[in-house]
Amino acid sequence: MAEPAPAVRRALGAHLALVFAFLYAPIAVLAALSFNDGGLPTVWTGFSTKWYAALLGNAEILGAARNTLIVGIVSTAIATVLGTALALGIETRARRGRAIEALVFAPMIIPDIVLAIALLSFFSLLGVPMGLHTIIVSHVVFNLAFVSAVVRARLKGFDWSVTEASRDLGASAATTFRRVTLPLILPAVVAGALLAFTLSVDEFIIAFFTAGSGRASTTLPMQIYAMIRFGVTPEVNALAVIVMLVSVAAVTLAQRFDRGMVAR
Amino acid sequence: MAPALAWLVALMVLPCALVLALAFFRRGIYGGIDYTFTLENFALLADPLYAGIFLTSARVAGLATAIAVVIGYGAAYAIAAAPRRRQPLLLFLAVLPFWSNYLIRTYAWIVLLNREGLLTQGLRLLGYTGEPPSLLYTEGAVITGLVYNYLPFVILACYAPLSRLNPELAEASRDLGAGRFTTFRRVVLPVTLHGVAAGAVFVFVLSIGNFVTPALLGGGKFQMIGNLVYAQFLTANDWPFGAALSTALIAIMLVLLLVQARATERGAGQAREATDG
């Protein structure tokens, strides 16, 4: 990019500062409110951590947090294995059909609501009882697409001669994968897994439709949605801050593992 | 590879195919599905009530897209013009909010736009004493929420071609006597337009099918296609009509993606010459 003139540079700098203010001000306000003793957004009545303490005593929220972790960890584990295999398959086989590319890309662009109602209709028609297990298998759909995209990006510059060398030296396909390929792509696999976990923990619409009825399979985003819709309690501010910190920590960690990869 | 593809076929392709199929059946008398072929669900889409909701959705999504593109392109331009070593950090900061929970980001706007929310408080501090303006539960609130949530994506999509822009191209334009604005309009903008198109399509597609933002920031009465789909499946129990609405959403999405693919192909030729400088 060409060096802009000083006046243009100043205008661009001001614009970017405003955009960052727009992006971060709402988040900062929530964080500040979570420490407001009175808990109402209108009046500051003093610093307090009582809303965080209240969260620890709220069995509903703790149950939802546990469900969210189960869904996040299990769906990420399945998606990481399947997504890595898929990425390797697409990059190594000559048969790179556009249909497969579209299939892998589709979960990222199909509107969430459409995928959610599609899964709901599908499970109902088959008579599958819904609960955490249906949320997990549904989350694997987009997590899998996502992990494979991150791993494929890393494989673009992959030097396949090292795997050929390994095979020439007598290693089996499994040994080559375990001792050569996997260590080389591991940072991307870990980054993909961390980002998939973040997506899964934050995902609301698909979980909402595939959870079935009953509170037993409520996840944190479902809990947050209910709290927002039916009367906000100040606890939601504290919960928002914790959920946000977990997501940001996972994404920052993923960024460490896979430099240059910023977004999905 | 095979298990992954099987997973996608079983839990994405088949369910979506099922929705497409449902759209061609009749609604059962007591809810449920009556397996008789019909096209009336699609005919119902033209009903003024539903056509109106489509128009509202298109207007809201279109405005959100336009605003996000203008703000986002400027931000991406500013990041691309910053010193090269600072660019990764700026880009990371721009995209970071995108990774936090969508509901929480939307909820933050309820806090800000509330009748006695922080914006009203701010006005009071400035000496405003009248009736607080009604900011929440308006179309403007919905558009603000959508712009806020999808802006990082536009920044990212526009940054990609802007950062690869060959500086010699702008210099050549200047040497040939073009002013800064003409250079931007005739040189920079055309070769980065495919990034804008990618970002715009993404925002539009995500906005038009959205139901969370209209439900939370638009209040109960403000409806978009996503809310209608939600209601057909969870409240009205009219799955065939809900399926027809979903099919329409997918059709809109496919048309836009095709248009974008065309724009990208056309832009790629120009961009190849202009970038990698």
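**Figure 1. Glu60(A) and its salt-bridge partner in the predicted model.** Glu60(A) is partly exposed, with a relative accessible area of 43%. This structure is a predicted model. The side chain of Glu60(A) meets that of Arg215(A) in a salt bridge, 3.7 Å from N to O. Glu60(A) belongs to helix α3 (residues 59–92) of chain A and Arg215(A) to the loop between α9 (205–210) and α10 (220–229), so the pair ties together parts 155 residues apart in sequence. Arg215(A) is also partly exposed, at 48% relative accessibility.

**Figure 2. Arg152(A) pairs with Glu91(A).** The closest N and O atoms of this salt bridge are 2.9 Å apart. Arg152(A) sits in helix α6 (residues 132–155) of chain A and Glu91(A) in helix α3 of chain A, so the bridge ties together parts 61 residues apart in sequence. Arg152(A) is buried, with a relative accessible area of 15%. Glu91(A) is buried at 9%. Salt bridges with shared partners join Glu91(A), Glu101(A), Arg152(A) and Lys156(A) into one network.

**Figure 3. Asp37(A) bridges to Lys50(A).** Over all chains, the structure holds 7 salt bridges. In this one, the closest N and O atoms are 3.4 Å apart. Asp37(A) lies in the loop between α1 and α2 (50–56) of chain A, and Lys50(A) in helix α2 of chain A, so the pair ties together parts 13 residues apart in sequence. Asp37(A) is partly exposed at 29% relative accessible area. Lys50(A) is partly exposed at 38%.

**Figure 4. Asp202(A) is buried without a salt bridge.** Asp202(A) lies in helix α8 (residues 173–202) of chain A. The nearest side chain of opposite charge is Arg105(B), 6.5 Å away. Beyond residues up to four places away in sequence, Asp202(A) touches Pro221(A), Val243(A) and Ser247(A), as well as Trp99(B), Ser100(B) and Asn101(B).

**Figure 5. The largest nonpolar core has 168 residues.** Those with the most contacts inside this core are Leu86(A), Phe209(A), Ile155(B), Leu162(B), Phe211(B) and Val212(B). Leaving aside neighbours within four places in sequence, Leu162(B) contacts residues including Met1(A), Tyr73(B), Ala76(B) and Val188(B).

Figure 6. At least two lining residues each come from α1 (6–33) of chain A and from α3 (48–81), α8 (167–175) and α9 (180–208) of chain B. The largest share, 5 residues, comes from α9(B).

Definitions and conventions:
Residues numbered from 1 in each chain as written. Chains lettered and ligands numbered in written order. Predicted model: local features only at pLDDT ≥ 70, side-chain atom pairs only at ≥ 80, totals over all residues. Heavy atoms only, no water. Core = buried A, V, L, I, M, F, W, Y, C linked by side-chain atoms within 4.5 Å. Buried < 20%, exposed > 50% of the residue type's maximum accessible area, 1.4 Å probe, protein only. Contact = heavy atoms within 4.5 Å. Helix = DSSP H or I, 4+ residues; strand = E, 2+ residues; numbered from the N terminus. Lys, Arg positive; Asp, Glu negative; His and termini not counted. Salt bridge = Lys/Arg side-chain N within 4 Å of Asp/Glu carboxyl O.
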